[in-house]
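Visitor: I would like to learn how to read a ligand site and a nonpolar core. Where do we start?

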Amino acid sequence: MGFAIHRFKRLPSTMEKAHALARKGAGEGTWIVAETQTQGRGRLGRKWNSPLGGLYCSLILRPTRPQAEIPQLALVAGLAAAEAIHDLTRLYPSIRWPNDLLINGKKVAGILVEAKDKAVVAGIGINVTTDVKKLPPEATSLAACGAKKTSPDKLLAALRKHLGHWYAVWAEEGFAPIRQALRSRIGHFGEPVTITTGRQHLEGAAQDLDEQGRLVVRLDSGIQRSFEAGEVTLLR
Ligand code: BT5
């Protein structure tokens with residue numbers, strides 16, 4: 001996956017650069033990588049701390065699958081990132097649906113998928129050798145978890161391999177094989193969640209991933225329903 005890699009010492013955000021290149025016609029598989037970001041971002045306007053030692057990258061995709069399936073790409077990228085980390089470090093991150101990777105309960109990586117002007121950009125941030133003092137308290141890095149020999153560059157190479165594989169599987173076969181590979185990595189089944197839909201707040205317990213990648217929740221009322229990422233907050 002990906003023949004073109006655009007590398008930068010510092011960018012505001014690899015997401016912005018990827019969208020700009022996509023607008024100019026950059027092809028599927030183009031990677032944008034920065035050593036640091038000054039305005040790294042998470043979901044919903046949140047900030048992504050991006051000091052030296054992390055991998056900050058965005059991949060331009062031009063999927064032809066139906067629009068409704070695009071959010072699944074966060075899970076495709078999360079699975080690939082978890083496997084890349086495992087390959088290089090033997091650490092085994094769990095996935096906190098829909099877009100966090102955790103080791104020992106702390107966040108080591110995050111995924112951000114944005115669709116604009118017919119291109120989709122998948123952004124991946126991984127704390128590799130990052131000094132944990134420069135991260136939020138609920139975060140960790142691979143080095144802090146014992147993986148001293150790895151580097152952002154090695155992670156990028158492994159990520160390109162795994163994401164290339166799983167993206168091709170998803171493009172051809174859809175979500176079913178991804179779901180199969182992901183389920184054992186999701187560490188929070190059974191845990192409490194709140195759901196916000198419009199003005200309603202509901203509570204329940206996370207149960208499973210459905211065929212579309214939505215979270216299946218058993219509501220406290222006993223009913224089981226699937227919810228999209230924007231609706232659910234995990235409480236732990
Ligand atoms: C995410 O958002 O987890 C998606 C992060 C995506 C970052 C990549 S880096 C390359 C590309 N370029 C960008 O500008 N972004 C993408 P979210 O679920 O909203 O989590 C954000 C929250 O994670 C923050 O509010 C903090 O609590 C926490 N956080 C911030 N920086 C962190 C870090 N480096 N490691 C772990 N947690 C962090």
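Guide: Start with the polar contact: a pair of N or O atoms within 3.5 Å. This is a predicted model. In the side chain of N99, an N or O atom is 3.3 Å from an oxygen atom of the ligand.

Visitor: Which ligand atom is 2.8 Å from an N or O atom in the side chain of N127?

Guide: A nitrogen atom of the ligand. For T14, the side chain has an N or O atom 3.0 Å from a ligand nitrogen.

Visitor: How much of the ligand does the protein bury?

Guide: Alone, the ligand exposes 790 Å². The protein buries 93% of that. Elements giving two or more residues to the shell are α1 (14-23), β3 (54-61), β6 (106-116) and β7 (119-127). The largest share, four residues, is from β6.

Visitor: What classes of residue make up the shell around the ligand?

Guide: There are 10 nonpolar, 11 polar and seven charged residues. Of the 28 residues around the ligand, S13, R43, R46, K107 and E138 come nearest.

Visitor: Now the core. What is the general idea?

Guide: In soluble globular proteins, nonpolar side chains tend to be buried together. Here the largest nonpolar core has 57 residues. Touching the most other members are L55, I124, I126, L142, L159 and I178. Helix α2 (residues 72-89) gives the most to this core, 11 residues.

Visitor: Which residues does L142 touch, leaving out those up to four places away in sequence?

Guide: Among them are I85, L91, I103, V108, I126 and L155. L142 also touches N127, whose side chain has the N or O atom 2.8 Å from a ligand nitrogen.

Key:
Residues are numbered from 1 along each chain as its sequence is written. This is a predicted model: local features need pLDDT of at least 70, side-chain atom pairs count only at pLDDT 80 or more; totals for chains, interfaces and linings use all residues. Side-chain values use heavy atoms; hydrogens and water are left out. A nonpolar core is a set of buried Ala, Val, Leu, Ile, Met, Phe, Trp, Tyr and Cys residues joined through side-chain atoms within 4.5 Å. Buried means under 20% relative accessible area, exposed over 50%, partly exposed in between (1.4 Å probe, protein chains only). Contact means heavy atoms within 4.5 Å. A residue is near a molecule or strand if one of its heavy atoms lies within 4 Å of it. A polar contact is a pair of N or O atoms within 3.5 Å; within protein, one must be able to donate a hydrogen and the other to accept it, and residues adjacent in sequence count only if both atoms are side-chain atoms. Accessible areas come from the Shrake-Rupley method with a 1.4 Å probe; for residues, only the protein chains shown count as cover. Ala, Val, Leu, Ile, Met, Phe, Trp, Tyr, Cys and Pro count as nonpolar, Asp, Glu, Lys and Arg as charged, and the others, Gly among them, as polar.
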